[in-house]
Each structure stands twice: as C-alpha cells, then as structure tokens.
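Visitor: I am new to this structure. Please show me how to read its features.

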Amino acid sequence: MTVRKRKDTGKWVSDFYYNGERIVRTLKFARTKKEAEQAEAVVMNQVFQQAYGFEAKPDKLFENFVVETFLPYSEANKKSFVSDVFICRVLVKEFRNRTLMQITPPIVETFKQEFLNTPTKYGKRRSPATVNNHLRILSKIFSLAVDAELVENNPCFRVKKLRLNNKRMRVLSFEEEVKLLGALADDNELIRNIVIVALHTGMRRGEIFNLKWFDLDFVRGLIKVEESKSGVKRIIPMNATIKSLLKHIDQKSEYVFPSPRSGGKLNDIKKGFCKAVAEIGIKDFRFHDLRHTAATRMADVGADAFTLAKILGHSSIQMTARYTHATDAAIRRAVENLDSFGNVLATERKTAAVILP
C-alpha cells in the first residue's frame, strides 16, 4: 500500500503508479491508516477495471441507497418500520457522503465503538443492545446491497456484536406493586390499566398496544394475540381481574388502549411510566419487568415451563426455563429436606446406641 498523510491538511492520500501513470487520490473520509489502505484498494480496483475496459459497478451513496431501497423494503416487510426509520437517521448521519464501497469493516468497527461511548440525549450510557440493533440494521442494508450487486461483501459480517447480559430478571414485589398502582390511580388510568394487564397476562408492551376489542372473547374468557414478536398467534386466558377490568373500559376506538391524542394505536407510555416509577422510588425497574413478574408469579404457584411457554409465546422452552429453575417444587423440597437431615441422623445414632451393647 502507498498511502500517506499530508502534513498541511492531515488528510490521507493514495499515491501510486499504474502503467507509468501517477495516480493521486485524496481519501477524505479515511480517519486511520488502516481505513486509508482499505479505501486505496477500492481506488486501485476502479483504475484496473477502467484500464481493461471492464464495466465498473455503480458506487451508490449510502444515504441514497437507504432512502431508495432499504426503507421501502422495511415498510413493506417489517413490523419495526418506525423503529428502522429512527435507526437509519443515526446511520445516515454517521456515513453521510460515503459510498457503499467506501464503508469497510474497520469503519463499521469504529462506528460501533464511538456510538457505544457516546451518551444518549439524556446523558446516560448507551446500552450494548441499542448498538447491536443499529449494527443489525446496517448489516441488513448491506445484505440488500450485495443482492443488488452494488458491493461484493457485507462489511458487517467481520464486526462482532457486543456481548449482552440477557440474564437480568427484575421482579416486582407485592409492596412495590401496590405503590406503583397507587401512583398511577389518579392521573394515569390508561397506564395503570396497561400495567395491570401486563401483570396478569405476561403480554409484551407491543402486544398490549396492538390489542383490539375484536381480540377479546368474554364468553370463553380468552385474549387472542394476533401480532406477536415471534409472529405466532396465541391464546391467553383471562383471569377474574382482567375480565373485570376490560369489561369496565369504554370502547372509544377499535383499540382497547388507544392513544389519548389520536384515538388510534398507542405508541409509547415510557414517559408516564418512568415518572411514576421514579416518584415512588422503585429502583432498576422497566416496563418489560412486568412480564418477568407475571411469569415468575405463575411459576411460583406451580406452572411448568411448557405451560409458561404457551402463555408467554416463547419460541423455545429454554427461554422459559429460567422462571421455573428457582421455583420448581421438587427443587425446593430437596433443599428444605436438608433442615431435617441433621435431626434424622441424630435420631438414628441414638437408636443404634440403645440397641447395640
């Protein structure tokens, strides 16, 4: 490689000879020597193709490909289109004015590290899961570009995702539940009702937001989950609390919990929920933990992993097993029997002492 860094501008430059002709290109987007070498390889390939009359592949700008190809694909095929739009805004800002061929694995790795270490707009540390979601969308963008024969390889394939701690499981205590529902009783009846449904069904937030009156069967006491994360429909029985709650909600929209502003689908309750959680001092608790709480409570009263998997909509039994490991009746009995082990052993020794001379 023949890259060098200019002292006056600090820009990396590719400077090489081909068939006696000196070719100099400023690599204005390269930030490190490794990135400059990757960019120079692209330049050399283009020069080679032109010299031998090969038709060079069109090198489309990243932001144009996102707008023209990826977002229409996402809108037509994905439920997460709205989320994809927000993620693409970040990606386009990061890779603006770069062509698809100019985005190499080292550049993607640099983005990963810098994005992780950049605080959110609220001043908090960005989570690894958020970074991985952005990398996942970026990878899909390049997969479409490979299919369109605009690039030969997906640079994201050589960039490792961040490790996640998916074993976190915060469970709401009954005392905390009373405080939370009390804090939501007066000013946030909508959020309060949603919290109760989450606690008594284990449904995900998005599943509750998508719930329509047509999905409720009060005669048989069933809730039909038509749109789930896994894409598989399922049935959840109503208990007395849920049946009573849903019967007393006014049907103002096709949605059970419509947006107060539009009357259509509700998009978020994070602000009101987090405010109530903070006011009563519940630490380290998120909305998704209501689902963990429901599952743990069902396991506590004897629900097995297969039953929980059907209720929660898990695709594998391994996902549900964590709720039953600590509450399995046989395991608890085995540990509790240790209490009496010492007493039984002492009794046997006394009996033996009396019998033996």
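Predicted model: local features only at pLDDT ≥ 70, side-chain atom pairs only at ≥ 80, totals over all residues.

Guide: Residues are numbered from 1 along each chain as its sequence is written, and side-chain values use heavy atoms, with hydrogens and water left out.

Visitor: In what order do the strands of the three-stranded open sheet lie?

Guide: Strands (E, at least two residues) and helices (H or I, at least four) are DSSP runs numbered from the N terminus, and two strands pair if DSSP finds at least two bridges between them. Here the order is β1-β2-β3, with antiparallel pairing. β1 (3-5) and β3 (21-27) each have a single partner strand and stand at the edges, so one side of each is left without a neighbour in the sheet. From one strand to the next, the twist averages 25°; axes are lines fitted to C-alpha atoms, for helices over the stretch in contact, and angles run from 0 to 180 degrees between N-to-C directions.

Visitor: How many bridges join β2 and β3?

Guide: Strand β2 (residues 12-18) pairs with β3 over seven bridges. Ser14 has Arg25 in β3 as its bridge partner, and Trp12 has Leu27 in β3. The hairpin of β2 and β3 has two residues between the strands, and Asn19 takes a positive phi near 55° there.

Visitor: What joins β1 to β2?

Guide: Three bridges join these antiparallel strands. Arg4 has Val13 in β2 as its bridge partner. The hairpin of β1 and β2 has six residues between the strands, and Gly10 in the turn has a positive phi of about 80°.

Visitor: Is β2 mostly covered or mostly open?

Guide: Buried means under 20% relative accessible area, exposed over 50%, and partly exposed in between (1.4 Å probe, protein chains only). Five of the seven residues of β2 are buried, which leaves the strand mostly covered.

Visitor: Which helix packs on the sheet?

Guide: Contact means heavy atoms within 4.5 Å. Helix α1 (residues 33-51) touches β1, β2 and β3, and its direction makes about 35° with that of β2.

Visitor: Where does Lys310 lie, and is Lys310 buried or exposed?

Guide: Lys310 lies in helix α12 (residues 305-312). Lys310 counts as exposed because its relative accessibility is 66%. Lys310 and Ile236 are 74 residues apart in sequence, and their C-alpha atoms are 8.4 Å apart in space.
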